[in-house]
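Visitor: I would like to learn how to read a protein model, feature by feature. Could you take me through one?

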Amino acid sequence: MVKAVWIKHASQLVTLAHETVGPRIKEAMSELAIIEDGSVWLENGIIQAIGTTKELEMRYSVQAENADIIDATGHLVTPGLVDPHTHIAYGGSREREFEMRLEGATYMEIMNAGGGIHATTRMTREATEDELVQQTTKRLDSFLTHGVTTVEGKSGYGLDLETELKQLRVMKRLQEEHPIDIIPTFMGAHAVPTEYKGREDEYVDLIINEMLPVVAKEKLAKFNDVFCEVGVFTPEQSKRILDAGKSLGLTPKIHADEIEPYQGAELAAEVGAISAEHLLKASDEGIQAMAKQSVIACLLPATALYLRETAAKGRTMIDAGVPVAISTDCNPGSSPTTSMPLVMNLACISMRLTPAESLCAATYNAACAIQMEDKVGSLEVGKQADVVLWNVKNYQELQYLFGVNHIKTVWKNGVKVVG
């Protein structure tokens, strides 16, 4: 039987509790609901109580004899981090392309020459399910050591029915075998496979008529994503794919306006997407449309850094009333990182989020972007006991000391998994 855990005397216990539901916008993103000298009781995988240490000492003095007591004096305690946009289940790696970009090749030039997504597609098709499980497990382990307890995971490196299903089944298997919660997204529309070059609409038909029905029938994904970009899928093709997924019960997401302005943010608002991702080139009109429809902007500052691009206009989006989440975009080509702490730092440095907004974007708003806010993303009674103890004293220091992993201990469902 797993013992109860009592974390007490936290210098700051950041709960992110709030009286409203749904993603936070504007000033609400800075309301962290901090308890000084905070204390939280974890038992049976659930947060059972939260308050000041004095309050919990009065309530749990007897039960404390049988609990693991953690003295968090001088330490920050937060919810487990949530990464709402990853491509974790893939085969191989693409370190040579890193050199190619430094030598001047662009992302789209590499992809059009058979590299990029197409290269990973070849390696993922060749890998067995067990090999993909082994490779993905290493990434998930690294996420845990960086304080991430929930991730979204996309397919999209198969681009045929068999391999897309293989990726989704790998994530389903790891959801059962690994401590991290994995929320699956179908992304057969990640690129047009080389065998369909010049027959792009036929591939769109394949996604709609063959892939999506099987994914929905087997309940292998919660979301349906598409890469709406010049040279990939047009806004019209993207809308067809997203509408088809909606008719089968899959919630739309969209890779939007990453390389060029392409009406992706506007399309996200039109189809009622839960989130739009990247948005480096989003128009002011698109940002306003997202704010009006409460589409979450899932911003990926590490990707912009890695591609040497200007980051998305996070400050502008928050000021416009767009709910903002942040993510690693963990993938083999444009952001091979599992460090959400670094992403929080970059959100402040390159997108002008405040330290409080950055933490909200990596926890509660990130949970909203994958429809998990009722279980994770904040420290509240009844939610999963996903908790991080940091080697810093406050949330400002967490963002100030950038590029460092400050993790001391991580609990997932009340079980210590790091530390």
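Guide: We will go through the domains, a cavity, a helix and a few residues. This is a predicted model, in which local features need pLDDT of at least 70 and side-chain atom pairs count only at pLDDT 80 or more, while totals for chains, interfaces and linings use all residues. Residues are numbered from 1 along each chain as its sequence is written, and side-chain values use heavy atoms, with hydrogens and water left out.

Visitor: Which domains make up the protein chain?

Guide: Domain bounds come from an automatic or database domain assignment. Here the chain is divided into domain 1 (5-79 + 378-418) and domain 2 (82-370). Their C-alpha centres lie 29 Å apart. The contact between them (heavy atoms within 4.5 Å) takes 35 residues from domain 1 and 35 residues from domain 2.

Visitor: What lines the largest cavity?

Guide: On a 1 Å grid over the protein atoms alone, a cavity is a set of points where a 1.4 Å probe fits but cannot get out, and lining residues have an atom within 4 Å of a point. A volume is the space filled by probe spheres set on the points, with grid points joined across faces, edges and corners. The whole-structure search finds one cavity of 30 Å³ or more, and the largest cavity has a volume of about 110 Å³. Its lining has 14 residues, with H87, Y107, H190, N331 and S334 nearest the centre. By class, the lining holds four nonpolar, seven polar and three charged residues. Ala, Val, Leu, Ile, Met, Phe, Trp, Tyr, Cys and Pro count as nonpolar, Asp, Glu, Lys and Arg as charged, and the others, Gly among them, as polar.

Visitor: Is helix α13 mostly covered or mostly open?

Guide: Helices (H or I, at least four residues) and strands (E, at least two) are DSSP runs, numbered from the N terminus. Buried means under 20% relative accessible area, exposed over 50%, partly exposed in between (1.4 Å probe, protein chains only). Helix α13 (residues 340-351) is mostly covered, with nine of its 12 residues buried; among them are M340, V343 and C348. After α13 comes R352, with a positive phi near 65°.

Visitor: What does S155 contact?

Guide: S155 is in the loop between β9 and α6, and S155 counts as buried because its relative accessibility is 0%. A polar atom of its side chain lies 2.8 Å from the backbone nitrogen of M187. Beyond neighbours within four places in sequence, the contacts of S155 include H87, E164 and F186.

Visitor: Which side chain does the side chain of W6 make a polar contact with?

Guide: A polar contact is a pair of N or O atoms within 3.5 Å; within protein, one must be able to donate a hydrogen and the other to accept it, and residues adjacent in sequence count only if both atoms are side-chain atoms. W6, in strand β1 (residues 4-10), makes such a contact with the side chain of S39 (2.6 Å).

Notes
On a 1 Å grid over the protein atoms alone, a cavity is a set of points where a 1.4 Å probe fits but cannot get out, and a pocket is an open set with protein on both sides within 12 Å along at least five of seven lines; lining residues have an atom within 4 Å of a point.
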